[in-house]
Amino acid sequence: MTNRNKLAAAVGQLEEHLLWLKEEGTRTIAADPKSLNTAATPAPVSKPWKTDSPKVPSLGKTAAPAFQPLPPPPAPLIADVAAAQTKLAEIARHIAGCEKCVLCRKRTHTVPGQGNPQPEIMFVGEGPGEDEDAQGLAFVGAAGKLLTRMIVRMGLTREQVFIGNIVKCRPPGNRAPLPDEMAACLPYLREQIAILQPKVIICLGGTAVKGLLNNQTGITRLRGQWQKYQGVDVMPTLHPSYLLRGGGEDRARWWEVWNDLVAALRKVGREAPPQKTSAAS
Ligand code: URA
Ligand code: SF4
């Protein structure tokens with residue numbers, strides 16, 4: 001484009017602009033050079049709206065849209081849960097192939113434990129019994145059924161908590177695991193707790209207390225007294241099997257366990273739902 005043509009185009013645009021201003025109702029054009037210095041004195045701006053409606057945004061400084069910080073990223077909970085689940089599955093795979101103690105010889109299934117990968121409350125028992133060994137799941141036999149009733153009475157579900165054991169393979173004849181068996185297996189439980197990060201651990205029975213806390217105090221004396229494991233609050237209580245066997249004939253023992261469960265609930269900021277009178281047994 002030649003200079004001449006450029007000039008013609010510019011004049012044409014200017015003409016168009018002036019005609020548009022005329023149609024808009026503009027009758028004068030300020031020619032004062034000061035008024036052209038828009039940085040110092042803003043030139044009068046014709047209102048783009050016909051009314052002074054208060055809804056109309058002002059054209060002053062505040063008209064610039066306020067800086068909107070990006071919304072915070074969504075809570076990474078789902079990713080965390082998935083990551084925890086993956087890590088727990090990895091530990092379970094290690095356990096499935098573990099031969100670190102003699103309990104591997106007679107097992108049918110390993111029982112790594114199961115439940116919520118990010119629970120508020122975690123239960124730790126002793127070790128798998130016959131039903132658990134058969135199914136590869138913790139607390140699914142008679143003691144497990146009582147534990148389920150306890151959890152429901154707490155206003156929770158088994159899916160909301162994590163249920164595990166000190167040893168992951170069944171001791172023959174349901175004997176208590178021996179100290180070296182517990183020592184061999186404990187790293188798995190430690191890893192699980194590190195991933196689960198429960199707010200409270202409820203130790204079910206003396207073996208769980210001995211294994212996790214290395215505390216040799218009898219469970220009937222220690223129960224109901226808060227302990228700590230790696231900064232996590234631990235409530236020792238009686239094993240449900242104990243309640244189902246002789247110890248359970250003393251109804252006071254059931255109430256002791258219930259008190260311990262209520263204390264654990266309160267620790268995580270919960271209350272047990274009111275008891276249905278028909279459920280009293
Ligand atoms: N008793 C336990 O201690 N753990 C189980 O998983 C079942 C019974
Ligand atoms: Fe391994 Fe634990 Fe089973 Fe022993 S009880 S074999 S340490 S998983």
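How many residues of the shell around ligand 2 are nonpolar, how many polar and how many charged? The answer is nine nonpolar, no polar and three charged. This tour of a predicted model begins at that shell.

**Stop 1: ligand 2**

Select ligand 2 and display the residues around it. They are I95, C98, K100, C101, L103, C104, R107, K168, C169, A184, C185 and Y188. The space that ligand 2 takes is the largest cavity. Next, colour helix α6, which spans residues 179-196. This helix gives the most to the shell around ligand 2, with three residues.

**Stop 2**

Two packed helices are described by the angle between their axes and the distance between the axes.

Now display the side chains of the contact. From α3, select A84, K87, L88, I91, H94 and I95; from α6, select Y188, E191, Q192, I195 and L196. By class, this contact of α3 with α6 comprises seven nonpolar, two polar and two charged residues. Two of the residues now displayed, I95 and Y188, also belong to the surroundings of ligand 2.

**Stop 3: helices α6 and α7**

To see where they meet, select M182, L186, L189 and I193 in α6, together with T207, G211 and L212 in α7. The contact of α6 with α7 consists of five nonpolar and two polar residues, with no charged ones.

**Stop 4: R253**

Finally, move to helix α10, residues 251-267, and select R253 within it. Which residues does R253 touch, leaving aside those up to four places away in sequence? They are T220, L238, Y242, L243 and G247. Consider L243 in particular: R253 and L243 are ten residues apart in sequence, and their C-alpha atoms are 7.2 Å apart in space.

Definitions and conventions:
Residues are numbered from 1 along each chain as its sequence is written. Chains are lettered from A and ligands numbered from 1 in the order in which they are written. This is a predicted model: local features need pLDDT of at least 70, side-chain atom pairs count only at pLDDT 80 or more; totals for chains, interfaces and linings use all residues. Side-chain values use heavy atoms; hydrogens and water are left out. A residue is near a molecule or strand if one of its heavy atoms lies within 4 Å of it. On a 1 Å grid over the protein atoms alone, a cavity is a set of points where a 1.4 Å probe fits but cannot get out, and a pocket is an open set with protein on both sides within 12 Å along at least five of seven lines; lining residues have an atom within 4 Å of a point. A molecule sits in a cavity or pocket if more than half of its atoms lie within 2 Å of its grid points. Helices (H or I, at least four residues) and strands (E, at least two) are DSSP runs, numbered from the N terminus. Ala, Val, Leu, Ile, Met, Phe, Trp, Tyr, Cys and Pro count as nonpolar, Asp, Glu, Lys and Arg as charged, and the others, Gly among them, as polar. Contact means heavy atoms within 4.5 Å.
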